[in-house]
Amino acid sequence: MLRVAVLVSGGGTNLGALLDALKTGKIKNTEIVRVISNNPGAFALERAKSHGVEAVCISPKSFPDREAFNRALLSGLKECDPDLIVLAGFLVNIPESIVKTFKNRIINIHPSLIPSFCGKGYYGLKVHEAVLNRGVKVTGATVHFVDEGIDTGRIIAQKAVEVLPGDTPEVLQRRVMEQAEWIILPEAVAKIAAGEIKIGEA
Ligand code: GRF
């Protein structure tokens, strides 16, 4: 049984896609053992609870400094003993201590075709604003391993999405979620659970 911890910050639609895929059997032999958010108001926490998944808030605001938060986040992850950690709309940079502890066991969904529109400052709607400002005709989403950099880890999967005339950042974000993120993230977890994608020490 693949034990999965999911880190979230917002609405949790990618978490929802994972939960749906577990229910339909698209993802087999897997259990989401804990959902952790840095944001106490994240609707993703409600999604977890409504599916009977333990939902924990570890907020930087509850700690005297970033180092203390990082230690608490690492403890919160170790407690649930995950085989895999999924960053699903998680907006906090993962500290090196966690990347090293869970080497090649952390994956992230990014709402662009890496290496375009990624790295420091590219998250959420900002990604789609940059896509529209540049005038590219194709964008998409990427699932990648998390390493010490920002959006620099080995790419696992990508899916392209058309940019349409008149798109706003919000409309484009929704299309990228529906046509790419909510498809390739569950697919990646299903392949990891099936052993088709290897995780852990390389
Ligand atoms: C979305 O922009 C997604 O592309 C990115 O985080 C944002 C919120 O995702 N990964 P979610 O609805 O909280 O899963």
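**Close-up views of a predicted model**

View 1. The largest cavity holds about 30 Å³ of space. Its lining is formed by Val-4, Leu-18, Leu-22, Ile-27, Thr-30, Ile-32 and Val-189. Helix H1 and strand S2 each contribute at least two residues to this lining. By residue class, the lining of the largest cavity comprises six nonpolar residues, one polar residue and no charged residue.

**View 2. The cis peptide bond between Ile-114 and Pro-115.** The bond leading from Ile-114 to Pro-115 has an omega near 15 degrees and is therefore cis. Pro-115 belongs to the loop that connects strand S5 (106-110) with helix H5 (125-134). As background, most peptide bonds are trans.

**View 3. The positive phi of Asn-29.** Asn-29 is not a glycine, yet its phi is positive, at about 55 degrees. The residue is placed in the loop between helix H1 (13-24) and strand S2 (30-37). Asn-29 has a relative accessible area of 47% and is thus partly exposed. In general, most residues other than glycine have a negative phi.

**View 4. The positive phi of Asp-81.** Asp-81, likewise a residue other than glycine, adopts a positive phi near 50 degrees. The loop between helix H3 (66-80) and strand S4 (84-87) contains Asp-81. With a relative accessibility of 51%, Asp-81 counts as exposed, because the exposed class begins over 50%.

Methods:
Residues numbered from 1 in each chain as written. Predicted model: local features only at pLDDT ≥ 70, side-chain atom pairs only at ≥ 80, totals over all residues. Heavy atoms only, no water. Helix = DSSP H or I, 4+ residues; strand = E, 2+ residues; numbered from the N terminus. Buried < 20%, exposed > 50% of the residue type's maximum accessible area, 1.4 Å probe, protein only. 1 Å grid on protein atoms, 1.4 Å probe; cavity = no way out; pocket = protein on both sides within 12 Å on 5 of 7 lines; lining within 4 Å. Points joined across faces, edges and corners; volume = space filled by probe spheres on them. Nonpolar A, V, L, I, M, F, W, Y, C, P; charged D, E, K, R; others polar.
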